[in-house]
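Take a look at the two-chain model below.

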Amino acid sequence: MSVRHAMLALLTEGPKYGLRLREEFEARTGEVWPLNVGQVYATLRRLERDGLVESDGTGDEGAQKGFRITAEGEQELARWLRTPPDLSSPPRDELVMKVLVALRVPGTDVPAMIQMHRRYLVELMQQWTRIKEYDARGDLNMLLAVDAELFRLDSVVRWLDAAEARVNRAAADGTIAWADQASPGNQTRTPLPRQRREARRWR
Amino acid sequence: MSMLELRAVSRSYGQGSAEVHALREVSLTADEGAMVAVMGPSGSGKSTLLAIAGTLEDPTTGEVLIDGKPVRNESRGAKARLRRRVVGYVFQDFNLLPGLTAAENVSLPLELDGVSGRKARIAALKALDRLGLAERASHYPDQMSGGERQRVAIARAMVGERRLLLADEPSGALDSVNGEAVMRLVHEACKNAGMAAVVVTHDAQLASWADRVMFLRDGRVIDQTVPAAGPESLLTQDRNQ
């Protein structure tokens, strides 16, 4: 989320004070990404330094300092809107790392661990869905922002589903092993002989 | 008050080495006004669970109670009456009769139960109106979109005095926006009309409409969500920094 470009977009509607920019940013993003005042003024300072906005120069960084977008700022905003975000290299995802590492840790019940993460994600999704239920009727900004978060979490749940299926298949083939697939909850188990051998190899 | 209770329900098919355990000691409660989702991959026992909950199948062991009453010893006729009067079903493929209008599809279960044609039609129109389909009452299923057809199916599942709604992948044939509309309607049927609903799905986004999500694997309930903090907790992080 580029706060910098969101500020430029808000200023295309006319000059605004810092405090108002913060309020409008939160309203336009369905209040999904809360912003603190410090972030707003730091961003505006950098935009002014780069010649993308100019201030009326009155007062300090208080609520009464007004900002307007410059011609360079409008060009930068137009360029940014048309530039696809960089999704070319996969992010270093913590959950992916955990599952990959768990396969190597003796005694880890990998399907149980996957289920623990899945439950947490679905609980989060339930919370986001409650926002749609109570607050988002007719508010397009909120619906779009909440949808984005739900689709993101959903993709992680789907990855966990696929990961569990692959891990179970590998276990059935004898490629990997752990103590007991059938009872989630117990994370630490006595390592199987294969896992002890694996553990020695990795020391 | 529990509308549906499954107590340690198991279901197996076949015998000896060919025996398959579709459900193993599954316990589940759906209170009035509550929506429960059961999530699991294909073959995890979701549809068997729903068939048993709706008295379409008997469990091998365990007990099913609907509206507080055990159904095990009820006659076939009594179970059929229960299905017509208390339980509403929603399926992935809508299962509407193609030669009947939306209103006729919705009034059918009431008429089968002996309600007069006029009264059944009034109840059907009321149910369709509640789901925003009043103007589609005289349309046939093939004249409606997938989303509209599923809303007719929900109206049929809610018509009359039904209090338990059982749905099997009700959004499976719909796009995400129409799927969400269907889940919203099921959710509202629980919150506004006091129904209890059990929805089985493999889709986390749809399951997240439920008050409680149970996870089924190989016929067992292995986990369930706990009631979460209010959604406002997601919106207040860092606000006061």
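## One residue in chain A

A:Asp161 is partly exposed, because 17 other C-beta atoms lie within 10 Å. The cut-offs are these: a residue is buried if 20 or more other C-beta atoms lie within 10 Å of its own, exposed if 12 or fewer, and partly exposed in between, with C-beta atoms placed from the backbone. A:Asp161 sits in helix H7 (residues 140-173) of chain A. Helices (H or I, at least four residues) and strands (E, at least two) are DSSP runs, numbered from the N terminus.

Where does A:Asp161 lie relative to A:Arg46? The two are 115 residues apart in sequence, and their C-alpha atoms are 43 Å apart in space.

## About the model

This is a predicted model: local features need pLDDT of at least 70, side-chain atom pairs count only at pLDDT 80 or more, and totals for chains, interfaces and linings use all residues. Residues are numbered from 1 along each chain as its sequence is written, while chains are lettered from A and ligands numbered from 1 in the order in which they are written.

## Chain A overall

Chain A has eight helices and three strands. Along the sequence they follow the pattern α-β-α-α-β-β-α-α-α-α-α. Chain A has 203 residues, and 27% of them count as buried.

Now look at contacts. Two residues are in contact if their C-beta atoms, placed from the backbone, lie within 7 Å. Take the contacts in chain A between residues at least 6 apart in sequence: 59% join residues at least 24 apart.

## Two crossing helices

In chain A, the axes of helix H1 (residues 3-11) and helix H3 (residues 37-49) come within 10 Å and cross at roughly 80°. So H1(A) is roughly perpendicular to H3(A). Angles under 35 degrees count as roughly parallel, over 145 as roughly antiparallel, 65 to 115 as roughly perpendicular and the rest as oblique. Axes are lines fitted to C-alpha atoms, for helices over the stretch in contact, and angles run from 0 to 180 degrees between N-to-C directions.

Which residues make the contact? H1(A) brings A:Val3, A:Arg4 and A:Met7. H3(A) brings A:Gln39, A:Thr43, A:Leu44 and A:Leu47. Four residues of this contact are nonpolar, two are polar and one is charged. Ala, Val, Leu, Ile, Met, Phe, Trp, Tyr, Cys and Pro count as nonpolar, Asp, Glu, Lys and Arg as charged, and the others, Gly among them, as polar.

## Domains of chain A

Chain A splits into domain 1 (3-82) and domain 2 (94-202). The bounds come from an automatic or database domain assignment. Four residues of domain 1 of chain A touch six residues of domain 2 of chain A. On the domain 1 side, one residue is nonpolar, two are polar and one is charged.

## Chain B overall

Chain B has eight helices and ten strands. Of its 241 residues, 46% are buried. The C-alpha trace of chain B spans about 65 × 50 × 30 Å along its principal axes.

## Domains of chain B

Chain B has domain 1 (1-86 + 163-226) and domain 2 (100-161). Their centres, taken over C-alpha atoms, are 23 Å apart. Here 15 residues of domain 1 of chain B contact 13 residues of domain 2 of chain B.

Which helix gives the most to the domain 1 side? H6(B) does, with seven residues. The residues of that side of domain 1 of chain B divide into eleven nonpolar, one polar and three charged.
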